[in-house]
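Colleague: Could you take one part of this model and walk me through it slowly? I am new to this, so please join the pieces up as you go.

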Amino acid sequence: MELTVQVPEGHDSIGVLGSAERNLKMLRESLGVRVSARSGVVRLQGATPEVTIARNVLERLTRDAARSRALSRQDVMGMIAEETDRARRGPESVEGSGDWSRGLRVYAQGKRVEPKNDTQRAYLDAVRSHDLVFGVGPAGTGKTYLAVAAAVHLLKEQRISKLILCRPAVEAGERLGFLPGDLAEKVNPYLRPLLDALHDMMDYADVQRFIAADVIEVVPLAFMRGRTLNGAAIILDEAQNTTRAQMKMFLTRMGHGSKVIVTGDTTQIDLPDPADSGLIDAVRRLRRVQGVASVGFTGRDVVRHKMVQRIIDAYDQSDESDPNRTAGLRALERDLTDDPGG
């Protein structure tokens, strides 16, 4: 088996490779794999179990280097021993252990993220115990915030090696081509809500280091095409604005040991025809599939300013008589409300 692993370049590479590539030498001697490093890429060759162990160790070293944590030779040998023991015990679920309703550990010092109502507790329980979770409901219910918190918790617990946050770049009739600036400047407004949630749980410097080390990615949905993501937590926000083809493309990116969380609000679809929403289509197709959970939020679950709940209630009353709302959309909302746990 042969694998390649991206690692930092320049001075930052020392934290991963070790002084004079000491860490790579330990991988060779302990696991019997062939290891070579060049231009930020480490190439691993050997038997599948040992190559997988070596990859996991390198990914852990990369995360520690992003946090500027200095490791001794004994620390690295301990990592190799832990990953070897884990491999012998068989594949480990990313769901984690314990009761998430009592709070999630994030990187911000002294901060724990806790569910504020029964639906949020059901949502976190679904994320903990399922590989694919749909969280559908109005703004202000904590869908995205809790999804990011769960992913950060898994990253801190080292149950995933990568966190990917993405959104479709189609909102309110605007197109990327009409926005000023380069590509990064064009997509930043769409990804800002995800970054805001992330910065609430991690220091700015930590976020930047993790992004530089490729441990965290914040990307437009279109950039997911052609990828297979193993050992990652992947969040798709504002999923109501995906088409059916885009949703299928996104969901099929899931790799081994990954967890996918899809959030959206079916009352804020910006597609020309709301019936084309990939979120509505996916929830209805997959909600009975093993390993998939769907959790529905309502205006009663809003945790923002009390006016937000009143606004949502007022719009819901008007929408009930709106002829443009499809029967399928109404049925989906009823299904999710009646069966919030999936």
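What follows is a close look at one helix, and then at some backbone angles.

Modeller: Happy to! Please keep in mind that this is a predicted model. Let's start with helix H8, which covers residues 204-212. Three of its residues, Asp-206, Val-207 and Phe-210, are buried. Now look down the axis of H8: the buried residues fall within an arc of 100 degrees, so they line one face of the helix. Turn to the face of H8 directed away from the buried side, and you will find Tyr-204 and Ala-212, which are exposed.

Next, follow the chain out of the helix. Just after H8 comes Asp-214, with a positive phi of about 65 degrees.

Glu-21, a residue other than glycine, has a phi near 60 degrees. Glu-21 sits in the loop that runs between helix H1 (14-17) and helix H2 (22-31). With a relative accessible area of 32%, Glu-21 is partly exposed.

Glu-238 also has a positive phi, near 55 degrees. Its loop lies between strand S9 (232-236) and helix H9 (244-251). Is Glu-238 buried or partly exposed? Its relative accessibility is 21%, so Glu-238 counts as partly exposed, since buried means under 20%.

How values were computed. Residues numbered from 1 in each chain as written. Predicted model: local features only at pLDDT ≥ 70, side-chain atom pairs only at ≥ 80, totals over all residues. Heavy atoms only, no water. Buried < 20%, exposed > 50% of the residue type's maximum accessible area, 1.4 Å probe, protein only. Helix = DSSP H or I, 4+ residues; strand = E, 2+ residues; numbered from the N terminus. Arc of directions from axis to C-beta.
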